[in-house]
Amino acid sequence: GKEEIECKAIADDAEAELNVALPALQKAMAEVEKLDKSAISEIKAYKSPPKQVETVLAAVMILFGNKTDWTTAKKVLGEANFLQSIKGYDKDNVSATIMKKIKGYVSHADFKPEAVGAVSKAAGALCTWVHAIYIYASVAKEVAPKRARLKGAQESLAVKQASLQKAQEELAEVTAKVNRLKQKYDDSVGEKNRLRAEADQMELLLDRADKLVKGLAGENERWRASIGQLQNEIGRSLGDALVAAAFLSYAGPFDTQYRSNLVGGWLSAVREQQLPSTENFTFASFCALPTDVRQWNIQGLPADNFSTENGAISVRCSRWPLMIDPQNQANKWVRKMEESQLHIVDLKSKDMLRKIENGIVYGLPVLLQDVLEELDPALEPVLAKALIKVGNREVLRLGDKELDYNKDFKLYITTKLANPHYTPEVSTKTTIINFAVKQQGLEAQLLGIVVQKEQPTLERQKADLTLRVAAGKQKLVDLEDEILRLLSEAEGSLLENETLVDTLQQSKLTSDEVTRQLNEAEETEIKIDAKREEFRPAAIRSSIAYFVLDDMGRVDPMYQFSLDAYVDLFNQSMDKSRTSPKNITGTERCRQINVAHTLSVYQYTCRGLFERDKLLFALQLCLRIMTSENKVPKQEFDFLCYGGAGIERADQRPNPCPEWIDAGAWDNITALDSIPACMGIASAFEQGQRDWRAWFTSSEPEETPLPGDWENKVTEMQRICIIRALRLDRVLFCASRFVRLNLGPQFADPPPFDLRAIFQSSNHRTPLIFVLSPGVDPTAQVKSLANDLSTNVDICALGQGQAPVAMSLMNLGLRSGSWVFLANCHLMLSWMPELEKRIAEYCAMTEDMPHAPHCDFRLWLSASPSPKFPIAILQRGIKMTTEPPRGLRANMLKLYNLVGEEQFGRCQQRLKYQRLLFSLCWFHALLHTSSMNRTIVSVMI
């Protein structure tokens, strides 16, 4: 420390002073080095040396402590080690006496190396040496105390350093011992930590092993059951796959019953060939996973088996699905299933091919909706999947373009035609699927609507429960797939795979949770379903009424009704029927709904039916309702439809009254006699011919009591069968009586035509469609209503070149809220698709859009019946027939409805005006009713 610094300072000081003399000494020594024996011999050769040489040698002799005479000098020069003595001279220990003597020499003016060297180089070198020794010795003399002090300091430092060294050695020994102890401690701690980590790892592995064993045990139970089930299914897969392939290829267009018959026939053929197959094979369970089916139901596919089969065909078929979708169920399901990626086009879209091209290239789903019986020929390559292999690419030629085919591309095709007839070319390139809603599926939907309306909390619980259980089961399937993947990819010990163990644990927890939820769901579902079942009678009645409504399309192509509009009507009926407090029983509430909705359906439908079809609709509605209540035996209904057709006359009993019962009527009686409830009626004719003839010849046999005890024996259904057997001309009257007695008098008397009431039930998105009868023009009625409501109506009689005019009037009306009446649409059926598209465009707009239709806008249409009239317009609109009413009462009511309250109140002579109006209406109605009877008309004239 400090001593070292002091020693260094002293040494540096002495070194600095010595450095002053050292250059001269070094120079002298360099000169001395140049001397050799010859140079010395040159000096010795002098017998009487020059003064300068002699002086130099005298100085040299003084330094060596010899005599200064030339003889001594010459003798010393002759010594062999003279030069070595010069070179090794002890310059650090020159005595003060010698220094004093030498001072006299070196201070002499002639004692200069240059001067002496001029006489003798060797002497000059020795002169330089003497000067250097003197200078160095002088400096060394001054440095000597410092050196002494340095030596003392160094000795003291050495002692201390030795002591320090000893202490450091002792410290190093102690440090080494400490380090050994620390290393031993660290090794012990490391071993302890290793053992603890190993113990923790073993504990973790034991925990994982426990979880793995328990998790795999749970999975083992499920997997064993699944393996057993799968092995059985694999064993039966040959026959099942064969039947499923046939179902997938051929069963799509048919209804439930025909599909069942097909499957039954195929299964019989498979078993005849001794191929293994499932006893109770169902296509839906074979081709659709339960998780997929639940997801489809959530997305809007009805939950009945028929709809599930349709869904499975749609996603499994190799040809593009062509869905017969009159109620728009499949369209909604596809939209919900594919969601935002779906491109929606129709054959009238200008960018149809572009969107299909994008779908093909980028693998996007495309929905081609509202097709008719003929498809665009440009779609032929897409329908046929005419792919061309170009290298590693698959190319589809669409028009003049070659498109890279993406295997993710999907094409869905829907039509609203209820019974289309497609060519074999279309049928072979697509998979036709009948998505027409069935009563079971519609009943479930309507039940949900009723419960949602009457018990919203209950229905919400049902929906939430369904979603939660579906999500849990889907998660369980995903976890099981993940476990199988991890097990198949696992390398080394399974216990090292933390992800596998965690997934197993999660699977077990999820399984337990899903099981718990399923148990809760079953209990809750029992309670919910029990509560929901209280409202099933309303769902049954409403679904029956819809299918009666839907069947009217077979009578006339203009009788088209949409399911969406029917659901709206059902909701309105429920609102109108709520007359009692909310705490009434479900049975009573269903009765209210059924009464109100049945009447609403009848009134809603009758305004769009021709007079000739209104009784048919009422009778069909009545019979369907009574059939659902088991009040119409099938044999009696079949007899009402077919009579005695197919009777074997060879086995027939003789006709007892051939003079007034013809052969056809007796066939009917014979067939009626085979019905258990009417057994014995044939013999009754033999026993009571007079009574039966009187009844037969009565003007109103439906109102006349039947002969004998038959009046008390037969039901109204059997009465109508007897009328159908003998008096076919009175069947309609009897049918009217039948409807009146079973449904109510309001169903036997069609409601009068009230244009104002129809207008009030419409909105700006609902076209109002007049279905024309010959010689009837509703234009005056529309004008009159517009005048009463102070509204402007623009009328365009359609014909050649009127399309731009009609479209211009529609656009103006949509903006300003005026009415537009397009008359005689049947004259421009080729333009109707454009009108349909325009109606769809403004109906799709929401109220907050910039070009949304004005709320006062109304579109009135008139057309004669035509099968080519767009179904979408008919389903979206309110249909009205303009046929003259039949009967005095109906005619008078129609005339009264033409006179508004304001017009009726204008006359001050109210009583006289009433009588005059009644007389005029009665006279007009009588003339109209009797117009075909020339005799009555002539008498009246």
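## Two helices side by side

Let's start with helix α20 (residues 536–551) and helix α22 (residues 586–606), which pack at an angle of about 10° with their axes 9 Å apart. That angle makes α20 roughly parallel to α22 (the label covers angles under 35 degrees; over 145 is roughly antiparallel, 65 to 115 roughly perpendicular and the rest oblique). Axes here are lines fitted to C-alpha atoms, for helices over the stretch in contact, and angles run from 0 to 180 degrees between N-to-C directions. Helices (H or I, at least four residues) and strands (E, at least two) are DSSP runs, numbered from the N terminus.

On the α20 side, P537, A538, R541, S542, A545 and L549 do the touching, and they meet C590, I593, N594, H597, T598, V601 and T605 in α22. Contact means heavy atoms within 4.5 Å.

## About the model

This is a predicted model, where local features need pLDDT of at least 70 and side-chain atom pairs count only at pLDDT 80 or more, while totals for chains, interfaces and linings use all residues. Residues are numbered from 1 along each chain as its sequence is written, and side-chain values use heavy atoms, with hydrogens and water left out.

## A three-stranded sheet

Next up is an open sheet of three strands in the order β4-β5-β6, with antiparallel pairing. Strands pair if DSSP finds at least two bridges between them. The edges are β4 (387–390) and β6, each pairing on one side only. On average, neighbouring strands are turned by 40° against each other, direction ignored. Helix α14 (residues 352–362) packs on the sheet and touches β5 and β6, its direction making about 40° with that of β6.

Four bridges join β4 to β5, and I388 has V395 in β5 as its bridge partner. Another four bridges link strand β5 (residues 393–398) to strand β6 (residues 401–404), with L398 partnered by K401 in β6. The β5–β6 hairpin has two residues between the strands, and G399 takes a positive phi near 70° there.

The structure holds 24 aromatic pairs (ring centres of Phe, Tyr or Trp, the last by its six-membered ring, within 6.5 Å; planes under 30 degrees apart are stacked, over 60 edge-to-face and the rest tilted). One of them is W666 with F685: the centres are 6.4 Å apart and the planes sit at 90°, so the pair is edge-to-face. W666 lies in helix α25 (residues 663–673) and F685 in helix α26 (residues 681–687), so the pair ties together parts that are 19 residues apart in sequence. Buried means under 20% relative accessible area, exposed over 50%, and partly exposed in between (1.4 Å probe, protein chains only). W666 and F685 also belong to one aromatic cluster with W660, W692, W695 and F696.

As for α25 itself, nine of its 11 residues are buried, so the helix is largely enclosed by the rest of the structure. Those buried residues, including A665, D667 and L672, pack against α24 (634–642), α26 and α29 (716–726).

## An exposed contrast

A780 sits in helix α32 (residues 779–788), and at 54% relative accessibility A780 counts as exposed.
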